[in-house]
Amino acid sequence: MSLRPPSHLAGAAEAAFDALGHEILAEKAASLGRAGQRVEETLARLRDNADEQLRPRLLKDAAEAVHGYFIQRELCGLRRHDAVIREYNIPRAVLARLGAK
C-alpha cells in the first residue's frame, strides 16, 4: 500500500523536496571547498618548511587533508582524482600515505 499526499498539496511537497535537495547540494559544495582549502594550506606548509624534523608530521597532515578531500569529492560523485593531483601538485610522498593512520 502506498500513500500519496492530497492532490492540492502535491506541488508543495515537490517544492519542499526540491528546496531540501538544493540545500544539500549547496552544503556538499561548501564542504568540498573547505576541504580543498585545507589541502592547499597543508601542502603549502609542507613545501615551505625545510625542517627535516617536522617533515613526517607535515606529510601526515597533508595526507589526512588530501584523503578527506578525495572522500568529499567521491561523495559529490567525482570519482577520478588524476586532474586534482596534477592541479594541486600533490607529492608522491603524500599520496603514498593516504588512508594510513
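Tutor: Two residues are in contact when heavy atoms lie within 4.5 Å. This is a predicted model, in which local features need pLDDT of at least 70 and side-chain atom pairs count only at pLDDT 80 or more, while totals for chains, interfaces and linings use all residues. Residues are numbered from 1 along each chain as its sequence is written, and side-chain values use heavy atoms, with hydrogens and water left out.

Student: Which residues does Arg73 touch, not counting those up to four places away in sequence?

Tutor: Arg73 is found in helix H2, residues 55–75, helices being DSSP runs (H or I, at least four residues) numbered from the N terminus. Once residues up to four places away in sequence are set aside, Arg73 touches Leu32, Leu78, Arg80, His81 and Val84.

Student: How far from Arg73 is the nearest side chain of opposite charge?

Tutor: Arg73 is buried, a word that means under 20% relative accessible area with a 1.4 Å probe and protein chains only, against over 50% for exposed and partly exposed in between. Arg73 has no salt bridge, which would be a side-chain nitrogen of Lys or Arg within 4 Å of a carboxyl oxygen of Asp or Glu. The nearest side chain of opposite charge belongs to Glu87, at a distance of 7.3 Å.

Student: What is the geometry of the pair formed by Tyr69 and Tyr88?

Tutor: Rings of Phe, Tyr and Trp (its six-membered ring) pair if their centres lie within 6.5 Å, and planes under 30 degrees apart count as stacked, over 60 as edge-to-face and the rest as tilted. Tyr69 is buried at a relative accessible area of 9%, and Tyr88 is buried at 14%. Their ring centres are 5.6 Å apart and their planes stand at 90 degrees, so the pair is edge-to-face.

Student: What fraction of the 101 residues of the protein count as buried?

Tutor: The protein has four helices and zero strands, and its accessible surface comes to about 7500 Å² by the Shrake-Rupley method with a 1.4 Å probe. Of its 101 residues, the fraction that count as buried is 24%.

Note on methods. Helices (H or I, at least four residues) and strands (E, at least two) are DSSP runs, numbered from the N terminus. Lys and Arg count as positive and Asp and Glu as negative; His and the chain ends are not counted.
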